[in-house]
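Work through the exercises below with the model in view. Try each task before you read its solution.

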Amino acid sequence: MTQKLRWGILGCASIAKRSVIPGLQQSRHNEVVAIASRDQAKAAQTAEELNIPTAYGSYESLLEDSSIDAIYIPLPNHLHKEWSIRAAEAGKHILCEKPLALTEAEAAEMAEAAAKAGVVLAEAFMYRYHPRYELLKDMITAGAIGDIRGIRSAFTFNSSANYGNVRFRKDWGGGSIYDVGCYPINAARILLDKEPEAVTVQAFFSPEHDHVDMMASGLIEFGGNVALTFDCGMWAAYRNPLEIVGTDGLIEVPYAYSLPEDGANFFLTTGEGRKEIEVPRANAYSEQGDHMAEAILNNKPLRYSAEDAIHNMKVIDACLQSAHERKRIVL
C-alpha cells in the first residue's frame, strides 16, 4: 500500500502529543497533516514541536480541510459525541478516544451518524492492536490453559493531587471507570468473545474530586460460569496486570494496557512449569493507525467495529449504575 491515510488531530491533549501522534508518524501507512486547538498559538506551538505541517485555531477549520481523510479525537469525554458526529458529517473517518461516549445511547447515535455518512468510526483502545493480544487469543483457543475459569485485572494510577484534571469533572465524564476501568472490561470481552450477563461494582466517590469515582472494584459475570474481577482507580499505586485462570494453566500479563518499551512479554504456567512468552516489539499506537489505514484505504475488515464500542458502553453504564445504587445489575 503506497497511499497514506492523512490525519487531522482535533485537540492538543497530552495523550495525543505523547503517544498517538508519534505513533501515527512512526507507522507505515499514515501521516499527520494538521492539528487544531481553540487556541491558535497552542495549535501552532504543538505543530512546530511535532513537525505537523498545518495548525488551525478552531476545530471547525480542521474539519473543513479537504486534504484530511481521518480525524483523531482526544477531547474530554463529554465532547466525544458532538465532534465525532460533526467529523462524520464532514466526511471524515474517526478514531475517538476511549470511552467512545458517556452512554450506550450516545455511542449508538455516533455509530448511526458514521454509518449514514459512510465513514469508519473506531474507539482508540490501542492496547488490543499489539500483536500479543492475537497471541493470547490463539493460545486460549488452542487450549494452552484448558477452559477459562476466571479473569482478574486492574488498572490504577495516582493523579489525585492534580485537582484541575478533566478526569475529576463529573459533568465532563470523569471518574476511574470511564478512564481506566473500561480497559479490563474491554479485554475480558475480547478474550472470552462474549458479552456479560450481570455486573456488581463498589466505588469510592470522592467529595474532593467532584464526586467522581476515584476507585472502583467490580465483578462482571459472563455465561458459562466465568467472571472478570477487576479494580480501577485514579488514587492508588500504578499497576495494570491481567491474569487469565484456566483449568490447566495460568496466563499472567504484568503490563496489560499501558506498557514499557520492553514490557510486552507475558508468562504461561502449566504442569510443565512457568515460562516467559516472548512477544515481538511493536508500537500499539502505530499498529492501531495502520489497521485503520488498511481498513479505510484497502477496504479490509475493521477488527473492532463501532458496534463493539456500543457493547462496551453498555457494560460501563451498568457498572456506574451498580456503583451508585449499590446493587447487582442484570444486563
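**Exercise 1. A residue in a loop**

In which loop does N225 lie? Then decide whether N225 is buried or exposed.

Solution. The model is a predicted one. Start with the place: N225 sits in the loop between β9 and β10 (226-233). Next take the backbone. Phi of N225 is near 60 degrees, a positive value, and the residue is not a glycine. Last comes the surface. Exposed means over 50% relative accessible area. N225 has 76% relative accessibility, so it counts as exposed.

**Exercise 2. A cis peptide bond**

Which two residues are joined by a cis peptide bond?

Solution. The bond joins K98 and P99. Its omega is about -15 degrees.

**Exercise 3. Cysteines**

How many disulfides does a search of the whole structure find? Check C96 and C182 in turn.

Solution. First recall the bond itself: a disulfide is a covalent link between the sulfur atoms of two cysteines. The cut-off for the sulfur pair is within 2.5 Å. The search finds zero disulfides. For C96, the nearest cysteine sulfur is that of C182, 12 Å away, and C96 is in no disulfide. For C182, the nearest is that of C232, at 8.4 Å, and C182 is in no disulfide. Now check burial. C96 has a relative accessible area of 0%, so it is buried. C182 also has 0% and is buried.

**Exercise 4. A tyrosine in a helix**

Which helix holds Y183, and which residues does Y183 contact beyond its neighbours within four places in sequence?

Solution. Y183 is in helix α7, residues 176-192. Its relative accessibility is 7%, so Y183 counts as buried. With neighbours within four places left aside, Y183 touches K98, F125, M126, Y127, F155 and Y257. Now a distance: Y183 and S286 are 103 residues apart in sequence, and their C-alpha atoms are 19 Å apart.

**Exercise 5. A histidine**

Is H29 buried or exposed? Where is it found?

Solution. H29 is in the loop between α1 (14-26) and β2 (30-36). It has 10% relative accessibility, so it counts as buried. H29 and E112 are 83 residues apart along the chain, with 27 Å between their C-alpha atoms.

**Exercise 6. The whole chain**

What radius of gyration does the chain have, and what would a compact globule have?

Solution. Count the elements: nine helices and 16 strands. For 331 residues, a compact globule would have a radius near 20 Å; the chain has 20 Å, so the two agree. The C-alpha atoms fill a box of roughly 55 × 50 × 40 Å along the principal axes. Of the residues, 56% count as buried. Among contacts between residues at least 6 apart in sequence, 67% join residues at least 24 apart. The chain exposes about 14,100 Å², with 47% supplied by carbon and sulfur atoms.

Definitions and conventions:
Residues are numbered from 1 along each chain as its sequence is written. This is a predicted model: local features need pLDDT of at least 70, side-chain atom pairs count only at pLDDT 80 or more; totals for chains, interfaces and linings use all residues. Side-chain values use heavy atoms; hydrogens and water are left out. Helices (H or I, at least four residues) and strands (E, at least two) are DSSP runs, numbered from the N terminus. The radius of gyration is taken over C-alpha atoms; the globule rule is 2.2 Å times the number of residues to the power 0.38. Buried means under 20% relative accessible area, exposed over 50%, partly exposed in between (1.4 Å probe, protein chains only). Contact means heavy atoms within 4.5 Å. Accessible areas come from the Shrake-Rupley method with a 1.4 Å probe; for residues, only the protein chains shown count as cover.
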